Every structure is written in structure tokens, then in C-alpha cells.
Amino acid sequence: MNGQSSTEIQYVKGVGPVRAAVLRTIGVDSLQKLLYYFPYDYLDRSRITKIKELPKLVEAGNEVTVIGSVFRTELKYTRNRKKMFFLTIKDETGYLACVFYGAVEWFQKAFEVGEILAISSVPELDKYNRVQFIHPEFDRLKTKDEEDETDWNSLLHTGAIIPKYSSGEELRNAGLDNRGFRRILRNAINNNINSLTEHLPREILQRNTLLDIYSSIKMIHFPKSYTERDHALRRLKFDELFYFELLMAFRKRELKGELKGIQFKILRSKTVKLKESLAFELTDAQKRVIKEIHNDMMQPVPMNRLLQGDVGSGKTIVALFAMLTAIENGYQCALMAPTEILAEQHWQSIKNFLKDIPVNIRLLVGGQKKKLRDDVLEDVRRGTANIVIGTHALIQEHVHFANLGFVVIDEQHRFGVSQRALLREKGRQNPDVLVMTATPIPRTLSLTVYGDLDVSVIDELPKGRKEIRTAVRFDKDKTKIFNFVREEVKKGRQAYVVYPLIEESEKIDLKAAVKEFEYLSSKIFPEYTVGLLHGRLSSEEKDELMQRFKKNEIQILVATTVIEVGIDVPNATIMIIENAERFGLSQLHQLRGRVGRGAEQSYCILITDENFTKRTLQLATNRAKAHHEVDVTKKRLETMVNTNDGFVIAEVDLELRGAGDYFGTRQSGLPGFRLANIISDADLLTLARKEAFDIVERDPHLVRSEHKNIRKEFEFVFKDLLSLVRVG
Ligand code: ADP
Ligand code: MG
């Protein structure tokens, strides 16, 4: 994104005040941002087909594109009197029928004889064996009366590549469909490209064989060839990666060099007692990691360490050893968890670990009564609370610590960068920070993405754990499954039954969970206690349910994904996941991690609808996409059955979802990479990282004149994050 200057967008030829207002709603509020509104795709010439060729392509079942003019539009009725809309497209080799079943009137109005369209779909045969397109996607290239120098019919021969822009209803109503965007971007590039500023010094461009910014913007929109497009893309990706690495370089420098931290001493008065009282032996990995953390704590600079360990590997106890060391030195500790249930659990289990050691442990969560809450806050403010465990409630303004020295953030992927920083800032000095995650980040990635963090890994599960057995089953197998559950419960074990709950269909989903709960408790397991846990319950209700489950007063817990992270009930050995096809891979792995936490054999049963494939394809408007979706879903379930290794699962997940999605901006607090992919662009990332770190090394405050534009651009890109980084 180029933020050197800002020109009002409405003065771009073809925009005007009305379109400017609509563009503003999607964040395009300046000429510069318009130039950075990139195509999401291009009309792919290799897939443009003559109508005559279509019959040969039916069998392959791939999406193809036809360019032609509208020859006829007509309404027809099906045999059972349902309306449908027929659109006939013509090119120089023949005619093609397109059929629309829904929104018939709208489609009828949408097309005009004579206009030129690009139409994409998977070709299918009608009952007379003629090729047709059903609900194709279309892109208007030229209206009937529009003057346009492009000779669309000879498009195939000229080799022009046509950009496609994403648009929405509001944009389309303002004339900003694909064609509208192409026009205003053509104008902006022809007339206003010089409103951009080249922000990278010539040496960087030369050293890394990068195009200048003007050519890149021109070519990303209107490339003459795919090679041109690739060059443009490379430069623009470099920009994203470069500024991201610049941020990393600043943070690393700030944390390592300039900030003064607390130099803890290893006193061992409390940690020895904890070690002696443990019912188990720490694993070698746990011991090693505790050492690594203690080493950091003794340094005069603040610790900033990521602790990575698969679900069930025992991260909590490691954090507890570190916290005790901080307490021995006279400091307070804070432990932040992403959900109330998890905070509550940590509070209970840490109290239990420390029952013979005098440490004051307090809980601070949103749902508490005012009197209790005030008491906790006072305890924290006076410094008499040694460990404060809580949710986001910990980072609110009115929470004041007397002498916060050590911060632990559990399941850090649930928090953003800024939330982490806010907690750190609660300390009068710079506290040491330990962030914990079960999401294994491939090593190469952790170096680049968490460039400012040191990483410790627990790569070993506690002894005696058995591999969880995972299977995929269908709805029709439920009787069998429940019989199996009964056998296990008879032996004294417990089970979870999890339902997906997503916002869009929250009500329906919740109903399904409630219904299943009623069915299980009255019809299937009348002899046992079944509980129902979901996000709508109050904190007290949730807490009570969890306590009863922990004590085995509840044998079967029906739950929504509120139990996804962290929950630790070692006696639970069965995890049943309903509608497993609706969960993401890392989510499935997290859920499965709720079992297999004790010495007993555990099981994970993924239930899915056996008609899932058929249904997805039936409902689909875009067949190619639907096929892909089915394949990806199958691969997710397969992966779960084949491996328990969180590392392998993370790699597959990354492959299926792509990095941008994996490190979703909102979750990780990373700036969004719109173009770059930190995996497939790893080489470019290395180049960008080197340049960025070199610059910060030579000119840490970016004061040299050749870096002036870099500084401006950096400030623009990270406007929202700047309070967290000190530049100059
Ligand atoms: P996670 O890394 O997923 O947060 P927890 O810290 O919740 O895992 O630990 C999982 C369970 O294993 C807890 O019940 C914990 O008390 C237990 N645990 C931790 N370390 C060991 C060990 N070395 N041996 C046996 N059990 C352990
Ligand atoms: Mg945990």
C-alpha cells in the first residue's frame, strides 16, 4: 500500500461523488488506495474456449470460459410450471444456452442483446445431449452501445489479459462491476499514476531485481502477458514482506537492546517444594524448557518467549515453575487465557498444585459479582495477590498491578499483538513475557513470523500416554457408537459430544445441541448424568458444569465448541464430534486434545453425514468450487484418522488453507498479507528480511534522507500498530 500522499478519489475520471461514497465503504478512500485495489483474478486465456469445442470438454468436468455476445434472452417454464431464464450466447463458432433457475426476473433484466460477456462454468449436457451452462458466472466486457477500442472478438488473438475485480451489490448498483472497475482503473493509471511515490531506494530495487512501483501497479492491473503480471506481483509482494520484516527488526531491537528488564534470581525456595509435591515426574522436554526460561529470566533484558507444545504436553506446569521464580523475587504474575472456562480451570488446577505452598492466587473474569471483583482488584493493586489469572478482563484500564514482573499468555493465537502488549504494559518495569501455544508453527515460519520472539518447544508427551484412536463414522452408526460409550462409562470413563456452533446459524446449531442433549439424557443414557454446556450460559453455570464433570458427577458432556481449548479432565476418554465436516483441521485437533490426557486408551469419533458429498454438490452454484470443497473436507478427516502429530496436522492445515488464512490478521495481530504467502514466497521473504534488518542496523531511526520514504510508508502501513513499536 502506498501512503506517501493522499488524493481524493472522487476526482479520478469516471468516479465522481456517488461512486466515491460507495468506494469509501470498502475502504478505498484515496486515489492511492484505488490503485492498490488489485484484481483478484484475470480472465485466463488458457481457459477461454470456442463454443464449438465445448462438447469435447464435458467429460473433463473443469470450469471453462466462453466470450461471446448475447443473442437471445427468454423466460420459459419447466414441466411443473416453475419459471426459468434462458440466455443464448453466440460466438463465431456457434450458440450456447445458459440456464438460470432462481432470481429469474432479475437475470432477465440483467442482460441485453448485443452486449459482450465472458461466461464461466463447468459445461454439462441437457437431456437432448446439447451442451449448456447452469448458473454460470458472468463478467460483462462491453455493453451494447459502449464505445471501446478493444476488439473483443479478436481478444483471443491479441493476447490481452483482462483483470477481474471483486465487487458487491452496492458497488454494482453504482456501476462498479468488473467493467466499471476496469474503466476507472484504466483512467487512474493513465492520468494519475504519478501520485504514487517510489518508496524503496534504487539500490534495493537493483539488488533484488525488482520493478519500480509505477510499472508494477500498471502491470498488476493491465499486464500484457503473465510474465509481466508475475514481475509486478513479485515487487508488490516484496513490499508487503519488507515492511513486515521492518516491524520485526524494530521490535527485536527494542526488546533486546534498548529496554531494561528485571534481572530475576533463581532462589528455588518455592519451586523445590512444587517439584517435590508433584504426583508425576517432569518430562525431559519440560525440564529443558524450564531451564531455557529461567536463563532468560536472569538476563537484564525482558524475556519474550514463545512456548510451543502439542495439546496435552504439559505447558501449564512449566509456566507455573517460572511464575514461582518471579514470586520468590517479590514480583506479581499474570496469566491470561482466552475463555472464562479456561481461566477458571487454570485457577482451580494451579490452586491445587500449590495447596501446600503459601501463594495468593486470584481469579479475574468478566462475569464476577461486583463485590468479589473489587476485592480482587484491591488485592492486585496492593500487591498482595501473587498470581492473577483471568481473561481479557486483565487488560482493562482499571486493573492496576503493584509490581507485575511476569506475564503468561495461554493459547496466544487467540490474542492479538495489541492485547499482548497491553498486558505487558501493566508492569511498571518491563515484565518478562511467556506466550504459550499448541499451534505448532513450522520452524522456518516461526523465525520469520515471530521474528521478535525466542522459541522453546516441548516435543515430548508425558510418559504412559496412549495414542488416541480416531475413526470417521456416519449418522447411521450412532446406535453402535452410543453402545460403545456406555461400555466405557461403565468402566468409569467419561465422554464429550461436541456440536459445531457458528455465528451464521447459531440458533439452529444451538437447537441441535439442545435436542441431542434431551435425547441422550432421556432416551439413550437415562442411567447416567448428561450435561449441556454452551456459550449462552452464565459464568457460574459454566463453572458449575465443569466442576461436576471434573468430579465425574456428569458422565457425558454435550457441548458446543466452548470446550475447544485447554480443558483438562484426564478421566474423559471419548470425544465425539458431530458434523465433523464443518470443523477446521486445527480445531479438530484441539478438540481431540481434550482426551488422551491420562493413562487410559482414548477415542475420537468424527461423525459426518454420509450424503455430505452429494448434498454439497447439489447445493452448489459453482461446481468446480464444490468439488474442491469436498476434496478438502475429505482430506481433513483423513488426516485426523492418520495422525495424532500436531506438527503434521499443522503442515497439512497450512497446505489446505494457505498461509494468509492460517495467520488470520484478526487472530494473530499480524498485518494482512494480501499478496504474499509466507510459505510459497519464502525466498522473497528472506531477501526482504535481509534488507529490512540491514536498514535498521545502519539507520535505526530511519533518519537518513534515502530512508525518508521508507519511514513514511512504514508509518502508513502500521498506523494502528505504531503505539507498540518505537521508531526514533
Ligand atoms: P497443555 O500443554 O495442553 O496446556 P496441560 O498443561 O493442561 O497441557 O497438561 C495436561 C495434563 O497433563 C494435565 O493434567 C497435567 O497436570 C498433566 N501433566 C503435565 N505434565 C505432566 C507430566 N510430566 N507427567 C504426567 N502428567 C503431566
Ligand atoms: Mg493448556
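Analyst: Happy to! This is a predicted model. Let's start with one residue: Asp239 has a relative accessibility of 5%, so Asp239 counts as buried, the cut-off being under 20%.

User: Okay, and which helix is Asp239 found in?

Analyst: Asp239 sits in helix H10, which covers residues 226-258.

User: What does Asp239 touch, leaving out residues up to four places away in sequence?

Analyst: With those left out, Asp239 touches Tyr36, His199, Leu200 and Ile213.

User: Let's zoom out. How many helices and strands does the chain have?

Analyst: There are 28 helices and 22 strands in the chain. The chain has 728 residues, and buried ones make up 54% of them.

User: What about contacts between residues at least 6 apart in sequence: how many of those join residues at least 24 apart?

Analyst: That share is 74%.

User: Now helix H7. What span should H7 have, and why?

Analyst: Helix H7 has 15 residues, 178-192, and at 1.5 Å a residue it should span 21 Å. The end C-alpha atoms of H7 are 20 Å apart, so the two values agree.

User: Which residues of H7 are buried?

Analyst: They are Asn178, Arg179, Gly180, Phe181, Arg182, Ile184, Leu185, Asn187, Ala188 and Ile189.

User: What do the buried residues of H7 pack against?

Analyst: Quite a list! They pack against helices H1 (16-25), H2 (31-35), H6 (169-173) and H9 (213-221), and also against strands S8 (137-142) and S9 (162-164).

User: Switching topic: which residues come nearest to ligand 1?

Analyst: There are 17 residues around ligand 1, and the nearest of them are Gly312, Lys315, Thr316, Arg465 and Asp568.

User: How do the residues of that shell divide into nonpolar, polar and charged?

Analyst: The shell around ligand 1 has five nonpolar, six polar and six charged residues.

User: Where is an oxygen atom of ligand 1 relative to Gly312?

Analyst: An oxygen atom of ligand 1 lies 2.7 Å from a polar backbone atom of Gly312. Side chains take part too: an N or O atom in the side chain of Arg465 is 2.8 Å from a ligand 1 oxygen, and for Arg597 the distance from a side-chain N or O atom to a ligand 1 oxygen is 3.0 Å.

User: And how much of ligand 1 does the protein cover?

Analyst: On its own, ligand 1 has 560 Å² of accessible area, and the protein covers 87% of that.

Key
Residues numbered from 1 in each chain as written. Chains lettered and ligands numbered in written order. Predicted model: local features only at pLDDT ≥ 70, side-chain atom pairs only at ≥ 80, totals over all residues. Heavy atoms only, no water. Helix = DSSP H or I, 4+ residues; strand = E, 2+ residues; numbered from the N terminus. Expected span 1.5 Å × (residues − 1). Buried < 20%, exposed > 50% of the residue type's maximum accessible area, 1.4 Å probe, protein only. Contact = heavy atoms within 4.5 Å. Near = heavy atom within 4 Å. Polar contact = N/O pair within 3.5 Å; in protein donor to acceptor, adjacent residues only side chain to side chain. Areas by Shrake-Rupley, 256 points an atom, 1.4 Å probe, with all protein chains shown as cover. Nonpolar A, V, L, I, M, F, W, Y, C, P; charged D, E, K, R; others polar.
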